[in-house]
Amino acid sequence: MARYLVTGGCGFIGSHLIERLLAAGHKVRVLDDLSTGKRENLSDGVPVTVGDVADADAVRAAMAGEDGEGVDGCFHLAAVASVDRSREAWLETHHANLSGTIAVFDAARRANPAGPVPVIYASSAAVYGDNPNMPLTEDAATRPLSAYGADKLGCELHARVADGVHGVPTAGFRFFNVYGPRQDPKSPYSGVISIFAGRIARGEPITVNGDGEQVRDFIFVKDLVRYLTAAMGHPQPGAPVYNVCTGRPTSVNRLAEVLADLSGRPLDRRYGPARPGDIRTSIGDPTRLVAAFGMSCDTPLEDGLRQTLAWL
Ligand code: NAD
Ligand code: UD1
């Protein structure tokens with residue numbers, strides 16, 4: 001049994017991670033400002049501190065725990081996950097997404113008398129921006145198009161500092177487009193699958209940004225969280241980063257058609273302007289991930305979409 005802090009634990013991915021940690025018998029506590037996360041995403045009894053991850057005192061206190069028992073590691077997921085939101089609220093999202101990450105690394109170096117504790121953190125495929133070399137390997141050039149992508153790249157650079165200067169072991173995961181149950185279908189800042197699934201199921205029209213031929217690599221949330229727990233169990237030196245992806249492309253148009261088909265509803269699709277800072281094509285190469293962890297993101301898209309629709 002280990003004790004972990006999960007920042008952003010009330011969110012979509014965090015809640016699935018916590019389900020897995022609890023099932024394995026670990027003790028978990030959460031720091032979350034509830035800006036998009038919800039307590040209802042978690043089972044009763046998981047202690048939640050409501051606070052800002054960019055508040056260094058709040059992060060230190062959350063790592064120490066109410067009884068001062070400390071933690072064995074931190075999963076850092078708190079962030080403003082929306083690329084669009086990072087355009088509207090540049091500085092505010094920067095505080096959460098980059099200052100928040102530095103606050104977590106900083107607290108991790110003094111979290112236990114025995115020494116620094118590992119931090120497993122969420123980076124993003126957004127770091128690749130408009131790099132056209134598909135599928136993207138971790139060595140591909142990083143060319144973020146958005147404030148969100150730039151800050152996630154900043155997290156990776158500071159992870160190198162955390163590791164090299166302060167002895168905090170880290171692993172960064174460049175999630176591609178994650179979907180599944182509990183991704184909020186009502187928020188305009190949510191992922192495209194949850195927005196489309198919710199609207200199609202309610203018989204409402206969907207809006208495709210641009211021509212709909214932009215492509216994403218969609219990964220099912222339950223596939224993803226296995227890597228986070230595996231990385232915590234085997235911290236590696238050198239601040240490694242890993243793509244979390246399938247290598248399989250799906251266009252936004254195709255996604256809308258499959259969702260309509262699976263939900264047995266007619267598709268009312270409208271086209272709007274392309275989103276500023278939107279990436280055209282994003283497909284990852286999972287070779288390093290599979291080599292390091294011995295498992296791939298293998299839930300077929302249609303199976304994952306069925307589970308997502310069933311949850312709505
Ligand atoms: P989410 O919005 O459901 O979860 C983020 C959580 O962080 C929420 O519970 C929110 O309340 C909390 N939070 C936000 N700002 C905070 C702050 N300043 N202080 C404390 N808590 C704060 O989004 P998600 O999809 O679960 O994303 C989790 C992580 O994964 C994020 O770091 C995100 O950038 C990253 N990520 C997500 C995807 C995806 O496709 N969903 C892809 C790549 C990376
Ligand atoms: C998503 C994640 C981001 C992550 C990145 C990694 C969310 C909210 N964002 O960003 O955290 O780092 O993947 O690749 O989970 N679209 C429409 N209509 C809509 C909504 C979206 O056409 O109603 C389009 C968008 O313009 C975009 C595509 O769908 O082309 C995907 O959008 P979105 O789900 O917001 O994801 P990303 O911007 O790729």
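**Close-up 1. Arg-182 in the loop between β7 and α6.** In this predicted model, Arg-182 sits in the loop that links β7 (177-179) to α6 (192-201). Its phi is near 80°, a positive value in a residue other than glycine. Is Arg-182 buried or exposed? Arg-182 counts as buried, because its relative accessibility is 17% and the limit for that label is under 20%.

**Close-up 2. Leu-34 in the loop between β2 and β3.** Here is another positive phi in a residue other than glycine: for Leu-34 the angle is near 60°. The loop that holds Leu-34 runs between β2 and β3 (48-50). With a relative accessible area of 28%, Leu-34 is partly exposed.

**Close-up 3. The cis peptide bond between Met-134 and Pro-135.** If you plan to check backbone torsions, have a look at this one: Met-134 and Pro-135 are joined by a cis peptide bond, with omega about -10°. Pro-135 belongs to the loop between β5 and α5 (147-164).

Close-up 4. Which residues come nearest to ligand 1? Of the 29 residues around the ligand, these are Phe-12, Ile-13, Asp-32, Thr-36 and Tyr-148. By type, the shell divides into 15 nonpolar, 10 polar and four charged residues. β5 gives the most to the shell around ligand 1, with three residues.

**Close-up 5. Polar contacts of ligand 1.** Oxygen atoms of the ligand take part in each pair listed here.
- Thr-36: a polar side-chain atom lies 2.6 Å from an oxygen atom of ligand 1.
- Ser-35: a backbone N or O atom is 3.1 Å from an oxygen atom of ligand 1.
- Val-178: a polar backbone atom is 2.9 Å from an oxygen atom of ligand 1.

On its own, ligand 1 has 820 Å² of accessible area, and the protein covers 91% of it. The elements that give two or more residues to the shell are α1, β5, α5 and β7.

**Close-up 6. The largest nonpolar core.** This core has 35 residues. Inside the core, the residues with the most contacts are Ile-13, Phe-75, Phe-173, Phe-175, Leu-224, Leu-228 and Val-244. Several elements give two or more residues to the core, among them β1 (3-7), α1 (12-23), β6 (170-175) and β11 (241-244). Which element gives the most? That is α7, with seven residues. A second, separate core has 25 residues, including Leu-5, Leu-31, Cys-155 and Val-168. In soluble globular proteins, nonpolar side chains tend to be buried together.

**Close-up 7. Val-244 and its contacts.** Leaving aside neighbours within four places in sequence, Val-244 is in contact with Phe-173, Arg-174, Phe-175 and Phe-176, and also with Ile-219, Leu-224, Tyr-227, Leu-289 and Cys-297.

**Close-up 8. Ala-159 in helix α5.** Ala-159 lies in α5 and counts as buried, at 0% relative accessibility. What does Ala-159 contact, beyond its neighbours within four places in sequence? The residues are Phe-105, Tyr-121, Thr-170 and Ala-239. Gly-172 is 13 residues from Ala-159 in sequence, and the two C-alpha atoms are 8.0 Å apart in space.

**Close-up 9. Asp-84 in helix α3.** Our last stop is Asp-84, whose place is in α3 (residues 83-88). Asp-84 is buried, with a relative accessible area of 17%. Not counting residues up to four places away in sequence, Asp-84 touches Tyr-189 and Arg-275.

Key: Residues numbered from 1 in each chain as written. Chains lettered and ligands numbered in written order. Predicted model: local features only at pLDDT ≥ 70, side-chain atom pairs only at ≥ 80, totals over all residues. Heavy atoms only, no water. Core = buried A, V, L, I, M, F, W, Y, C linked by side-chain atoms within 4.5 Å. Buried < 20%, exposed > 50% of the residue type's maximum accessible area, 1.4 Å probe, protein only. Helix = DSSP H or I, 4+ residues; strand = E, 2+ residues; numbered from the N terminus. Contact = heavy atoms within 4.5 Å. Near = heavy atom within 4 Å. Polar contact = N/O pair within 3.5 Å; in protein donor to acceptor, adjacent residues only side chain to side chain. Areas by Shrake-Rupley, 256 points an atom, 1.4 Å probe, with all protein chains shown as cover. Nonpolar A, V, L, I, M, F, W, Y, C, P; charged D, E, K, R; others polar.
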